[in-house]
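Subject: Structure for you to look at

Dear colleague,

I am handing over the structure below, and my notes on it follow. Please read them alongside the sequence and the 3D view.

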Amino acid sequence: EKLRNIGMDVYHRRKDSNTGMAIRLLKNVIYKDHPYEWTFDDAIDLIQKTTVEDLKLLHSKYVNPCNMILTVVGNFEPDDMRKHITKIFGEWEKGECQTVEYPESKFDPKQSVDHFMLRDQVVLALGRPSPIDVYHPDLVPIKLLNFISFYSLGSRLYQLRERTGLFYSAYGTFAEGASREHGFDY
């Protein structure tokens with residue numbers, strides 16, 4: 001119950017955050033008619049309805065060796081480590097692999113969303129789906145470009161903020177949330 005209340009509080013706070021609302025609305029436009037399209041109220045409702053039994057079923061479905069990769073790093077003898085790992089995990093039941101299927105994108109690049117909130121600040125969010133996934137050879141260089149472009153003091157956004165005085169903060173990213181199938185830029 002304590003974690004349920006904390007989870008619901010997180011989403012209630014995000015509903016009251018102009019930045020949180022802007023990013024959620026942007027994601028909902030990008031992921032139109034997709035499981036990633038959800039509101040904070042949807043999340044709160046789902047948390048309220050989730051039972052301990054639901055969590056046990058999710059655990060058995062996703063937390064099993066079929067859905068995991070074990071990585072061991074350090075100073076050890078491989079044969080000794082293999083024996084140790086086998087001793088710990090050898091009896092763990094394999095379970096069934098879960099395949100994630102992503103629906104086709106229904107993103108409309110001309111769509112505009114206005115959401116009124118009684119605030120002294122305005123948040124402008126621009127975004128689009130990204131063709132970059134976790135297998136793309138440019139993902140790591142793009143992460144470096146993200147830092148240079150959006151987060152360093154020499155970034156164009158920072159310079160624009162300082163020159164105009166119009167922005168309290170300005171940030172962005174390329175290939176945000178890059179996964180097996182997709183990500184987005186904002």
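Which residues in α1 meet which residues in α3? R4, G7, M8, Y11, H12, R14 and K15 on the α1 side meet F40, D41, A43, I44, I47, Q48 and K49 on the α3 side, where contact means heavy atoms within 4.5 Å.

This is a predicted model, in which local features need pLDDT of at least 70 and side-chain atom pairs count only at pLDDT 80 or more, while totals for chains, interfaces and linings use all residues. Residues are numbered from 1 along each chain as its sequence is written, and side-chain values use heavy atoms, with hydrogens and water left out.

Helices are DSSP runs of H or I with at least four residues, numbered from the N terminus. The axes of helix α1 (residues 2-15) and α3 come within 9 Å and cross at roughly 170 degrees, the axes being lines fitted to C-alpha atoms over the stretch in contact, with angles from 0 to 180 degrees between N-to-C directions. The two helices α1 and α3 are therefore roughly antiparallel to each other (angles over 145 degrees).

D33 lies in the loop between α2 (18-30) and α3 (40-49), and its phi is near 55 degrees, a positive value in a residue other than glycine. D33 counts as partly exposed because its relative accessibility is 44% (between 20% and 50% relative accessible area, 1.4 Å probe, protein chains only).

With kind regards

How values were computed: Parallel < 35°, antiparallel > 145°, perpendicular 65-115°, else oblique.
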